[in-house]
Amino acid sequence: MSKISIIGAGSIGATTAFALLQKGVAREIVINDINQEKALGEVLDLMHGSSLCRPCNVTLGTLEDTKDSDVVIITAGLNQKPGETRLDLVDKNYSIFKDFIPKIAKASPDAILLVVSNPVDVLAYMTYKLSGFPKERVIGSGTVLDTARLRSLLGKYFEIDGRTVDGFVMGEHGDSEFVPWSSLRIGTIPVKSFSEQYSIEWDKETEKVIAEDVKNCAYEVINRKGATAFAVAVALVRIVEALLRDEKTILTVSTLLNDYCGVSDTYLSVPTVVGKNGVEKVLSVDFSDEEKEKFTSSARIMREYIDRINGK
């Protein structure tokens, strides 16, 4: 049972706190926001139901109150608005991160920093630089949610349990993300073979449509309700469980790469073994030539934004 701090009490931060409380993952949850009045409202709301859950002390806190956290979940910053891409938020959210990341790192020098704010890959990289932490203990939420969306959509398409889908969304958590279809399996069966056994249409166009649907899921939600929250919170709890329980499970978190298909010094989502130390191991994937090009293209886009920030 651990101490978890959440920086940012917006829709994602508050919903994540609720999901963590429901799961009984932590003994203490500290919520911090620049708008402490709003954060206090969320804390009170959570506290009122806490006696119906496993024991957990939910408190309002300053950055100093996050001291000795095991995991710090960073959701602070401006949210995506209808019509905006995640990368449109780079400059705005980086200026916010410069202020509080060093303070968090000082308060909890042994914590794992889980970056959620968008653009998550760029901000995870900046958090790594600003914190001075080892790369294993600074991770982004990456495409864990995108992968869940992929499995959900394929489950509906094939009318099966989406949990049996063995595949990932990789690259940027954003418009350049892609699905490595060549390695995707339903159970242990290649997706093309599975579709033939079920007499369900499957071709390149089907792959393209499903990949686009996965990529645009967040935009669909944002256009209708203003923000994503529930599914993000579920994905974050899954990551936190893997960290605190030392599960050594494979998740597509965003992590710093070193000569991964020629990509270095860039945060991107790849299959990663996640445990008590954060990133335990980065796993390679046998890409097709087309998939490798998509991956390196995604990396080039991320490097452009990273270089722009580094030049400030």
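Figure 1. Helices (H or I, at least four residues) and strands (E, at least two) are DSSP runs, numbered from the N terminus. The model is predicted: local features need pLDDT of at least 70, side-chain atom pairs count only at pLDDT 80 or more, and totals for chains, interfaces and linings use all residues. Residues are numbered from 1 along each chain as its sequence is written, and side-chain values use heavy atoms, with hydrogens and water left out. UniProt, in an unreviewed entry, lists residues 143-308 as "domain: Lactate/malate dehydrogenase C-terminal". UniProt positions are given in the numbering used here, feature names are shortened, and annotations may be inferred rather than shown by experiment.

Figure 2. The UniProt annotation "active site", from an unreviewed entry, covers His173. This residue lies in the loop between β7 and β8. His173 is buried, with a relative accessible area of 10%. Buried means under 20% relative accessible area, exposed over 50%, and partly exposed in between (1.4 Å probe, protein chains only).

**Figure 3. The aromatic pair of Trp181 and Trp202.** A search of the whole structure finds 14 aromatic pairs. Among them, Trp181 and Trp202 form an edge-to-face pair, with 5.3 Å centre to centre and 70° between the planes. The pair links distant parts of the chain, 21 residues apart: Trp181 is in the loop between β7 (165-166) and β8 (185-186), and Trp202 is in the loop between α6 (191-197) and α7 (204-225). Rings of Phe, Tyr and Trp (its six-membered ring) pair if their centres lie within 6.5 Å; planes under 30 degrees apart count as stacked, over 60 as edge-to-face and the rest as tilted. Trp181 is buried at a relative accessible area of 10%, and Trp202 is buried at 5%. Ring pairs join Trp181 and Trp202 with Tyr157, Phe158, Phe194 and Tyr198 in a cluster.

**Figure 4. Arginine side chains over aromatic rings.** The charged end of Arg137 sits over the ring of Phe133, 4.6 Å from its centre. Arg303 lies over the face of Tyr125, at 5.8 Å from the ring centre. A charge sits over a ring if NZ of Lys or CZ of Arg is within 6 Å of the ring centre and within 35 degrees of the ring normal.

Figure 5. The structure holds 19 salt bridges. A salt bridge is a side-chain nitrogen of Lys or Arg within 4 Å of a carboxyl oxygen of Asp or Glu. Lys204 forms one with Glu207, the closest N and O atoms being 3.8 Å apart. Lys204 is exposed, with a relative accessible area of 60%, whereas Glu207 is buried at 11%. Lys215 and Glu212 also meet through their side chains in a salt bridge (3.0 Å, N to O). Lys215 counts as buried at 15% relative accessibility, and Glu212 is partly exposed at 32%.

**Figure 6. The salt-bridge network of Lys23, Arg238, Glu241, Arg245 and Glu247.** Salt bridges link these five residues in a network. Within this view, the side chains of Arg245 and Glu241 meet in a salt bridge (3.2 Å, N to O). Arg245 counts as partly exposed at 45% relative accessibility, while Glu241 counts as buried at 7%.

**Figure 7. A nonpolar surface patch.** Leu40, Leu44, Met47 and Leu60 form this patch, with about 290 Å² of accessible area together. Patches are made of residues with over 30% relative accessible area and no salt bridge; like charges are joined within 9 Å, and nonpolar side chains (Val, Leu, Ile, Met, Phe, Trp, Tyr) within 5 Å. Accessible areas come from the Shrake-Rupley method with a 1.4 Å probe; for residues, only the protein chains shown count as cover. Helix α2 (residues 36-50) gives the most to the patch, with three residues. Leu60 is found in strand β3 (residues 57-60), and is partly exposed, with a relative accessible area of 31%.
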